[in-house]
Amino acid sequence: MRILGIESSCDDMAAAVVEDGRRVLSSVISSQDAFHQAFRGVVPEIAARRHLETVIPVVEKALTDAGVAPGQLDGIAVTSRPGLIGSLLVGLTAARSLALAWGKPLVTVNHLAAHAWSLQLSGVFDWPHIILLVSGGHTLLLHARGPLDLEILGSTLDDACGEAFDKVAKHLGEGWPGGPAIDRLAKTGDPLAIPYPRVMLDDAAHRYDFSFSGLKTSVLYHTARLARKSDPTASDIAASFQQSAIHTLLEKTRRACRDLGVPRAGIVGGVSANSLLRDLTRGDGEIEWALPPLSVCTDNAAMVAGLGAEVFLRSGPATPDALRPLTRNPDARKVV
Ligand code: KG4
Ligand code: ZN
């Protein structure tokens, strides 16, 4: 089954062709970082306008790279939720128009479930497993019992983890997005220079939730001192912040694995590109960690096309109701 995937839920326009859910024939991503950099965050209006200009060229490139003509596709999958409304509308409208023009069936997928599928693009990662989904917009712990059976165990009470990286980077005078900059700066700093808080939220109600605002405020206190040229250095702050944030993420994931008796965990989303996180998950005797290749950590359409094949097999083409874009995941307890 050969599926064209289209992803435009935030600021990246992406298209990909994937065969049988796992074989990536092409994956094209058009980044908008240059357009949002000056604002240090995604401006929804700019994102939607840029998507309008790039959607067709990106789809055309994905088909050309894959060596696949529209007639050779078995269907189209598009992200319909959650995301920025204008961004989602562009992808959905393009996908509906192409499906109509080419006479192909269409399915919609949830962006969070698609990230979970990114673990399957380099081979089968068996269910059940725990998933830590960490990006600029989401921080979630999921219990994955199947590709489309994703229970939400916890989420962030304030900032998303990637957002905290972005804000700390801003205060250290680094560019946007800040995650890669902190990652780089931390390599020359002392991760034990400052004992930043590791907020574990041990009470039953928040056992699997996250909070990064306390950590962020502690870091801002040090960046203010940095301006007065006293200790510590920017590299020490970056390394100590990263140490606290990444250890908290991994400890919470380990906690879910132990509590649920599931010794397998995958980490997806932009923050899973972090080098400390990747180092710490290597050679762990307790948990089998799965991290997708860097090319599918951040937003991409291969994960959408791959999951799309599952949706086609399980429930067939989309009903008219599913074609509506939704800004939020409609259920607090599961990804739907
Ligand atoms: O998944 P993603 O590309 O976009 C969404 O937010 O959906 O994630 C982007 C986030 C940004 O906040 C960025 O700073 C963070 O992922 N990020 C990183 C690294 N690379 C990207 N955070 C920590 N370390 C990295 N190496
Ligand atoms: Zn994402």
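The zinc ion (ligand 2) is coordinated at 2.1 Å by His111 (NE2), His115 (NE2) and Asp299 (OD); donors here are N, O and S atoms within 2.8 Å of the metal (3.2 Å for Na, K and Ca), and water is not among the atoms, so the site may look incomplete. This is a predicted model, in which local features need pLDDT of at least 70 and side-chain atom pairs count only at pLDDT 80 or more, while totals for chains, interfaces and linings use all residues. Residues are numbered from 1 along each chain as its sequence is written, chains are lettered from A and ligands numbered from 1 in the order in which they are written, and side-chain values use heavy atoms, with hydrogens and water left out.

**Zinc site**
- Along the chain, the zinc donors follow the spacing H-x3-H-x183-D.
- Histidine 111 sits in helix α4 (residues 111-117) and aspartate 299 in the loop between β10 (288-290) and α10 (302-315), so this pair ties together parts 188 residues apart in sequence; helices (H or I, at least four residues) and strands (E, at least two) are DSSP runs, numbered from the N terminus.
- Histidine 111 and aspartate 299 are both buried, meaning under 20% relative accessible area (1.4 Å probe, protein chains only).

**Proline 82**
- Proline 82 lies in the loop between β4 (75-81) and α3 (85-102), and is buried at 5% relative accessible area.
- Beyond its neighbours within four places in sequence, proline 82 has contacts (heavy atoms within 4.5 Å) that include the zinc ligand His111, as well as Asn110 and Leu112.

**Cysteines**
- With a disulfide taken as a pair of cysteine sulfur atoms within 2.5 Å, the count is zero.
- Cysteine 161 is in no disulfide, and the nearest cysteine sulfur, that of cysteine 297, is 13 Å away.

Key: Buried < 20%, exposed > 50% of the residue type's maximum accessible area, 1.4 Å probe, protein only.
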